[in-house]
Amino acid sequence: MRPGWKAALALCALAFALAANAQEAVPYRYAGVRIGGGGFVSGLAFHPREKGLYYARTDVGGAYRWDDAAKRWVSLTDWIEAKDENLLGIDSLAVDPSDAGRVYLAAGTYTTPQAGQAAVLRSADRGKHFERADLPFKLGGNELGRGNGERLAVDPHDGRVLFLGSRDSGLWRSQDYGAHWSKVESFPAVATSPSASAENKWRRQAIGIVFVVFEPASGKPGRPTPTLYAGVSTQQASLFRSDDAGRSWQPVAGQPTGLRPNHMVRGGDGTYYLSYGDEPGPDAMSDGAVWKFEPATARWTRITPWKDQPSGWGAVAVDPRDPKVLITATFAHYAPKDELFRSTDGGAHWAPVFPRSEFDHGNATWTRDHTPHWLASIEIDPYDPDHVLFVTGYGIWASRDMRNVERGGTVHWSFQDEGLEETVALGLISPPEGAHLLSAIGDLDGYRHDELDTAQLQFAAPPRYANGESIDFAQAKPALIVRSGFLRKPFGAAIRAAWSEDGGRQWRAFASEPPEGEGAGSIAIAADGGVVVWAPRHAQHVYLTQDFGKSWTVADGLGTGLRMLADRVDAKRFYAYDRMSGALYASRDGGAHFAPIGGELGDSSHGRAQTRVQAAPDEAGVLYVGSREGEWLRGDDTGRVLKRFDGVTGVDAFGFGKAAPGSPKPALFLAGRLHGAQGIFRSLDDGKSWQRIDDAEHRYGRISQLVGDPRMFGRLYFATSGRGIFYADPASEVHP
């Protein structure tokens, strides 16, 4: 053929390929399953020049802007897709004091080798849209010191200039609104030293530079501010100052040593206040202090509220309109609890706030079982001195009458987490009767979600678990549910598995645990409810019981670290799989004996990391098997492959929903890659064709759990890696 014919043929082939890869888009409505907070909000920032404009950052759930008109938080990072999930941990947040539109996120969840690179996400429209500037180092939004800061700062006189303190690569500077970054080679090498404290030997992380603070009185508009400070998480000399716009640095004379700085704030009179701890937090902090620094006289004064008992001090705030008004809080003082203090004379005297406080749990009733802890960030509204917010390990508390401390009245706190969801669900189920959704959730046990738009109580205690890890129901008796989790005191439950026979309203702990392992792990119940199999954490065997833990039997043929499944149709069939290697096992005698699944199904799954396996909802002995970087298969427990879902090249999560009218097969939902495109898809014809049901604004990072609703056509529920649980319906469908 002549070259022209080759080109024409290639164009035809390309057009055919594009047509084959195109999926019909079906509009869906997405909404968060309301829990309210649930995770560590690691930082807050008010804009100093616009009333009602403030932001929150979280350790695994992205960043938020407060919508003052709607009285709710708006997520700024739901557009981040699976391949960039590492950007959902926000290590620092900064606003431009001279431009209310500009906001910056230092994004990166982990510094581990397998984690993706960090980036600065920069926006000129309050976070509606972002541009990304990749960094040559990693950040740790979910690592030690994540409540310190802010390590990212914008020059108040020249918004083009930003400084960013890294964890292990020193200090960095940008002079083009964060688009490009260069290292400040002159910054002291102590900023790159790893944490070497006794508390952190198991995680020798570099904490690095934890805050950068500009001295606005030293500069003029339109020119870089000459004086700025940077604090390093070290017990040596830790506070450094530059008087030449960051070109050279010197330690501040007279500063305290022996503790690590974590926050530094400036009062309107030029006085600085710093909080310190022996550890960077939040995992541990047993000692600390609060100091006042007056640069004009180089004077340092210790103003710690508690003089006679050791405690870490996590944050300090100063009223932007009154430099004598301060608020600070203890950190990790769990016995009996942390305390918030307020001063109106620059720290000479302090008044405890919580003994004069009332907390309203009406918006999130589960918070009544939680005492404020990890108070790593405190902010006073620059436009309203009565409006104060502080973060906790489970959300944000806000007051509108803080000055009642001086008036002799009561300070009222409300849980300000409307729209902010940060839980990580480790298990989801949607039974064919009862509540449409039940969950097992990290740090919060789990919920029976009778209403999706109202925050509810956790599962009724006892038992109450610190971490809900696994949950399952008996298909033929859907009111019979089992769950596993970690123990939470003081509820007194010694057994780390529980069962309910009324759809999750009331629970009873199993009579006992297997004789080895650390509880939690993976649990499954037979379709008829007659047998429970349990693979506890760190146990060398899998166990089964027919009497909810009164007696246990070792399941033959299985080892450690496995996930357990029950067949949805045949009560005698159970399955096990190794999530990392992909090895599959099956039992046909009620879990007594397991054998490896061979054949093409077993062979094709071996060596596939992040394996996902589910039992078919409508056929006995049939499994669906996928992996994060592999294909998606349907096969049987003899090892035969019954179907390959063409075009699927990666599976993050999948589930089954109510069949379309007239269809004999359940609806299929897939979060993964189809013809190379990442997204959420559904098929109503057993995978012959697919419809895309997400869009560019609704990606939610990597989806880890997904279930369809067996009673509501088109409805699905899914769990994210830090943005909570979502439910979604076709935009054309209306559900009660």
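Strand 12 (residues 162–165) and strand 13 (residues 171–174) run antiparallel and are joined by four bridges. Within this pair, Leu 164 stands opposite Trp 172 in strand 13. Strands here are DSSP runs of E with at least two residues, and helices are runs of H or I with at least four, numbered from the N terminus. The model is predicted, so local features need pLDDT of at least 70 and side-chain atom pairs count only at pLDDT 80 or more, while totals for chains, interfaces and linings use all residues. Residues are numbered from 1 along each chain as its sequence is written, and side-chain values use heavy atoms, with hydrogens and water left out.

The open sheet has four strands in the order 11-12-13-14, with antiparallel pairing; two strands pair if DSSP finds at least two bridges between them. Strand 11 (152–154) and strand 14 (182–183) are the edge strands, each pairing on one side only.

A search of the whole structure finds 47 salt bridges, a salt bridge being a side-chain nitrogen of Lys or Arg within 4 Å of a carboxyl oxygen of Asp or Glu. Three of them are listed here.

| Salt bridge | Closest N and O atoms |
|---|---|
| Asp 637 with Arg 573 | 2.8 Å apart |
| Glu 619 with Lys 665 | 3.3 Å apart |
| Asp 686 with Arg 634 | 2.7 Å apart |

In the remaining pair, Glu 619 counts as partly exposed at 30% relative accessibility, and Lys 665 counts as buried at 18%.

The structure also holds three cavities of 30 Å³ or more. A cavity is a set of points on a 1 Å grid over the protein atoms alone where a 1.4 Å probe fits but cannot get out, and lining residues have an atom within 4 Å of a point. About 70 Å³ of space lies in the largest cavity, a volume being the space filled by probe spheres set on the grid points, which are joined across faces, edges and corners. Its lining has 14 residues, with Gln 678, Gly 679, Arg 699, Gly 701 and Ile 703 nearest the centre. Strand 53 gives the most to this lining, with three residues.

Terms used:
On a 1 Å grid over the protein atoms alone, a cavity is a set of points where a 1.4 Å probe fits but cannot get out, and a pocket is an open set with protein on both sides within 12 Å along at least five of seven lines; lining residues have an atom within 4 Å of a point. Buried means under 20% relative accessible area, exposed over 50%, partly exposed in between (1.4 Å probe, protein chains only).
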